[in-house]
Amino acid sequence: MPDKMIFFDHTSTTPLDPRVLEVMLPYFKENFGNPSSHVHSLGQIALKAVDKAREQVAALISAKPSEIIFTSGATEANNLAVKGIANANKTKGRHILISQIEHYSVMNTAMFLNSQGFETEQVPVGEDGFVKLDELEKMIREDTILISIMLSNTEIGVIEPVKQAVEIAKRKNPAVIFHTDAASSAGIIPVDVNDLGVDALTLSAHNFYGPKGAAALYLREGTKLFSLFEGGFQESGYRSGTENVPAIVGMGEAARLAKEEMPERNRKIEALGKKLWNGLAEKIEYLHFTGSSENRLPGHVSFWVEFAEGESILLFLAVKGIAAASGSACSSNLRARDEDELVGSHVLAAVGVPTDICSGSITFMLGKDSTEEEVDYVLETLPPIIQRLWSMSPSYEDMLKNKK
Ligand code: PMP
């Protein structure tokens, strides 16, 4: 048993980088001013710090600082993007397209808009997890105002062809506004808003070793957006409310470090991820990886195992000191609102994983501080767990009998 938990759950969150914490600390203590109250020096210090963070976050995605709107989290940024863009453009049309595998903060927000007179449709994905671009093209209409397709999927690790999707969308209907949820991409893989051609993009600090409580919506200059809240004029009026200065400062520093260290981080993570992937393929029979093996997030390994419940694997791993995710970390504890039952993952269902095991595949996501020893330990520990679960599974026994 390792001394400390092996954290292979970097899709749910990442640990705060101690260097980021150092930069944040003064803003919890002596630099407690409010950026909106900048007639005095304390307010000016806070305002300068937020402006610096805005520049650092903008630089991470090749945006202009004036195009960054700080929010409390990716959920808020996605709500702001989807509701704010839809409402600001509803005189032009009411048709919205999202992919079938969006995070709930995009999916449920877009579906909610149907109750407000919008019409949301879901673009299908193939078994490899990539959005079907030919279907997308067919589904774009004259009254389509918004398309939201995520840049990478947390649960199955695939990096979506957003650049090509934007090209198709703008060719078919130049008025379409394109948003991408890059909460699990920005700060992890290179993201350039100009290369992608998107109009809006969500990014989240706690996914790249920054603090929780800070995220941002990139909004291309000239794009119309309604705010979610009525209030003061912070964030150019798009997001009223006193800024979470320490968290925003932390997001800026985490963005700076991510930009600087990304190639080195990913070289290491990629190699460890490959070792884990190949080791699992070799050691565990009846294991099926989810999502394409190409164009994946570095260090993201997701799979399901026949005759072994994902939630049970997760529990046994936790007992052995290994933290992973089952399906989407955001939904592994999710229960249907009105029923006491687990809700299967819509992402796994969309890529054709049989629905009876949809309540749990396993997602390992390595991070910048993951080590080869940790990968070795996981590769040693998981096969006996699977064997044990199989030994308790009547359907595994049946399968063996039928094979004879
Ligand atoms: N988008 C994606 C792709 C996510 O994976 C998540 C959850 N990690 C969110 C949005 C929501 O993030 P948060 O819960 O931090 O608001």
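I began at Glu119, which counts as partly exposed at 36% relative accessibility (buried is under 20% relative accessible area, exposed over 50%, partly exposed in between, with a 1.4 Å probe and protein chains only). The model is predicted: local features need pLDDT of at least 70, side-chain atom pairs count only at pLDDT 80 or more, and totals for chains, interfaces and linings use all residues. Residues are numbered from 1 along each chain as its sequence is written, and side-chain values use heavy atoms, leaving out hydrogens and water.

I looked up the partner of Glu119 and found a salt bridge with Arg141, the closest N and O atoms being 2.8 Å apart (a side-chain nitrogen of Lys or Arg within 4 Å of a carboxyl oxygen of Asp or Glu). Arg141 is partly exposed at 29%.

Lys368 is buried at 14% relative accessible area, and Asp17 is buried at 3%. Lys368 also meets Asp369 in a salt bridge at 3.4 Å, N to O; Asp369 is exposed at 53%. I noted a network of salt bridges linking Asp17, Arg19, Glu261, Arg265, Lys368 and Asp369.

Last, I examined helix packing (helices are DSSP runs of H or I, at least four residues, numbered from the N terminus). Helix H2 (residues 41–60) and helix H8 (residues 245–283) pack at about 35 degrees, with axes 8 Å apart (axes are lines fitted to C-alpha atoms over the stretch in contact, and angles run from 0 to 180 degrees between N-to-C directions).

How values were computed
Helix = DSSP H or I, 4+ residues; strand = E, 2+ residues; numbered from the N terminus.
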